[in-house]
Amino acid sequence: MEALGESQFAAIDTEFPGFFYHTSFAAGARNRYRDLQYNVNITKVIQLGLSFFYDDGRHRSWQINFRDFDLSSPSDWRREDSIDLLKRSGIDFTRARREGVDAAVFSRLLKTNNWMQRRKPLWVIHGMYDMGYLVKLLMQAPLPQTLPQFIRLISQCMGRVVDVKHLSTELGESRHGLVHLSESLGVTVHGGAAHQAGTDSLLTGIVYSKMAEKLCGREKLLEGVLWGFENKRIPVPTETQPNSAGMKSARCSRQ
């Protein structure tokens, strides 16, 4: 909780057992949310990565392995190709089942520490699924039926949010995958494995920093908009409004 309160922004990533409804690129917001809700609600989060970034350039990362997903249980939905990818990335499902964190205990711990009332940093994500799994994890409940309800929950749970997938469109990128964006920006992370939540959350945060340098302040105008839900801006609760005097501006680099 100390890391949360002191950080300027925090990047998140989740790993999960795959998609069952695949959304058309041309789908509207309503259909996108329908698929998001279905996929998140029928599956269990496997990992959560949290990377906190500070004004002085430091960052701290955590990776939380959850024990709830049981590879031996037919009732725990998964796509085998997704599981194979996570195994190749180094995720040990047997160890996670034995030693991992119970998701309900994690949620209760956050509530005990007054998560909802605490000052929160800007949350940086790469796409709507990370936010969907995090909201489900925090609330310990299925995602709501409608997109407006989901947007209100994000506002209540998280406060300020920025999506690097949405920022990438402002920079003229036609491909929005995290690997492509990091390569385009010349970003690398040493010492971690791709498709593990801790490494990918760190990469997401560094990508955001590089994008903020290029956008020269415009990134603040793009807060609250998730890629694919561009017409549904997330309202920012009054208590989490940014204090411009206390925020360190990113160094501008126009190209």
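Analyst: Two strands pair if DSSP finds at least two bridges between them. In this predicted model, five strands form an open sheet in the order E3-E2-E1-E4-E5, with mixed pairing.

User: What makes E3 and E5 edge strands of the sheet?

Analyst: Strand E3 (59-65) and strand E5 (161-163) each have a single partner strand, so one side of each is left without a neighbour in the sheet. From one strand to the next, the twist averages 20°.

User: How do you know that E4 and E5 pair?

Analyst: The cut-off is at least two bridges. Strand E4 (residues 122-125) and E5 have three bridges, in the parallel sense, so they count as paired. Within this part of the sheet, Trp123 stands opposite Val161 in E5.

User: Which strands does H6 touch where it packs on the sheet?

Analyst: H6 touches strand E1 (9-15), strand E2 (47-53), E4 and E5, and its direction makes about 90° with that of E1. Helix H10 (residues 197-215) also packs on the sheet, touching E1, E2, E3, E4 and E5, at about 140° to the direction of E1.

User: Which residues of H2 and H6 meet, and how many belong to each class?

Analyst: From H2 come Arg32, Asp35, Leu36, Asn39, Val40 and Asn41, and from H6 Met128, Tyr129, Gly132, Tyr133 and Lys136. By class, this contact of H2 with H6 has five nonpolar, three polar and three charged residues. Gly132 goes with the polar residues because Gly is counted in that class.

User: Why are H5 and H6 described as roughly perpendicular?

Analyst: Helix H5 (residues 103-112) and H6 have axes that cross at roughly 75° and come within 7 Å. The range for roughly perpendicular is 65 to 115 degrees, and H5 and H6 are therefore placed in that class. Ala103, Phe106, Ser107, Leu110 and Lys111 of H5 make the contact with Leu137, Leu138 and Met139 of H6. These residues divide into six nonpolar, one polar and one charged.

User: Which elements have the lowest and the highest mean pLDDT?

Analyst: Helix H1 (residues 2-6) has the lowest, 66, and helix H4 (residues 93-99) the highest, 97. For the protein chain the mean pLDDT is 88, and 87% of its residues reach 70 or more. Over residues 243-247 the pLDDT is below 50, and this stretch has three contacts in the model beyond near neighbours in sequence.

User: Why should low pLDDT limit the reading?

Analyst: Where pLDDT is low, the predicted coordinates should not be read in detail.

Note on methods: Residues are numbered from 1 along each chain as its sequence is written. This is a predicted model: local features need pLDDT of at least 70, side-chain atom pairs count only at pLDDT 80 or more; totals for chains, interfaces and linings use all residues. Side-chain values use heavy atoms; hydrogens and water are left out. pLDDT is the predictor's confidence in each residue, from 0 to 100. Helices (H or I, at least four residues) and strands (E, at least two) are DSSP runs, numbered from the N terminus. Contact means heavy atoms within 4.5 Å. Axes are lines fitted to C-alpha atoms, for helices over the stretch in contact, and angles run from 0 to 180 degrees between N-to-C directions. Angles under 35 degrees count as roughly parallel, over 145 as roughly antiparallel, 65 to 115 as roughly perpendicular and the rest as oblique.
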